Amino acid sequence: YYGEGSGPVWMSGLSCTGIENNITDCYHNGFTTSSHCSHSSDVGVVCASNNLTVRLSGGSDHNEGRVEVYFNNAWGTICDSSWDIYDANVVCRMLGYSSALLARPSSYYGEGSGPIWLDSVGCTGRESSIGECYHLGWGVHSSSCNHR
């Protein structure tokens, strides 16, 4: 996707748990040039922004509504595929609330508009931002996901 690198391949057999502060804290086969690993196996990453903004729209009070996410200079929505209380808890904490009371699917607060930014969100509940949760990728959603 990002193309092959050049120069020595310094790490192979990398295995992280996700709690490490540095890639060198992860298990790996040592810092040596690897003869069995070529640049066709180079890895890439897309990092989540810590400055993600969410808002609630369409609710009858300030603490309820359709979840909208500001990403790439546009407000968009989240598809309800697998949406649950863990996902809702992360959004509520982002907004300054202690937790969520309900996780409402099926356009309960009305249909959104604009891009569908996230689909198949899967939070554990420990994340500080919805962008840290599992999802299909920014702007990637199934064909069955729409604003209805």
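Here is a short chat about strands, a helix and a few residues in this predicted model.

Student: What should I know before we start?
Tutor: It's a predicted model, so local features need pLDDT of at least 70, side-chain atom pairs count only at pLDDT 80 or more, and totals for chains, interfaces and linings use all residues. Side-chain values use heavy atoms, with hydrogens and water left out, and residues are numbered from 1 along each chain as its sequence is written.

Student: In which sense do strands S2 and S3 pair?
Tutor: Strands are DSSP runs of E with at least two residues, helices are runs of H or I with at least four, and both are numbered from the N terminus. Two strands pair if DSSP finds at least two bridges between them. S2 covers residues 65-71 and S3 covers residues 74-78. They have four bridges, and the sense is antiparallel.

Student: Which residue in the hairpin of S2 and S3 takes a positive phi?
Tutor: Look at the turn: there are two residues between the strands. The phi in question is near 55 degrees, and it belongs to Asn72.

Student: What is the bridge partner of Thr77 in S4?
Tutor: Thr77 sits in S3, where it stands opposite Glu68. S3 also pairs with S4, in the parallel sense over two bridges. On that side, the partner of Thr77 is Ile116.

Student: Is Ser57 buried or exposed?
Tutor: Start with its place, which is strand S1. Buried means under 20% relative accessible area, exposed means over 50%, and partly exposed is in between (1.4 Å probe, protein chains only). Ser57 has a relative accessible area of 16%, so it is buried.

Student: Which side chain makes a polar contact with the side chain of Ser57?
Tutor: A polar contact is a pair of N or O atoms within 3.5 Å; within protein, one must be able to donate a hydrogen and the other to accept it, and residues adjacent in sequence count only if both atoms are side-chain atoms. Here the distance is 3.1 Å, and the partner is Glu68.

Student: Which residue just after H1 takes a positive phi?
Tutor: Go to the place just after the helix and look for a phi of about 95 degrees. The residue there is Gly96.

Student: What is the relative accessible area of Asp119?
Tutor: Asp119 lies in the segment after strand S4, which is 116-118. Leaving aside neighbours within four places in sequence, its contacts include Cys79, His135 and Cys145. Its side chain also has a polar contact of 3.0 Å with the side chain of Ser81. Asp119 is buried, and its value is 0%.

Student: Is Thr124 buried or partly exposed?
Tutor: Thr124 is in the segment after S4 too. A polar atom of its side chain lies 3.3 Å from the backbone nitrogen of Arg126. With a relative accessible area of 43%, Thr124 is partly exposed.

Student: How far apart are the C-alpha atoms of Thr124 and Ile85?
Tutor: Along the chain, these two are 39 residues apart.

Methods. Contact means heavy atoms within 4.5 Å.
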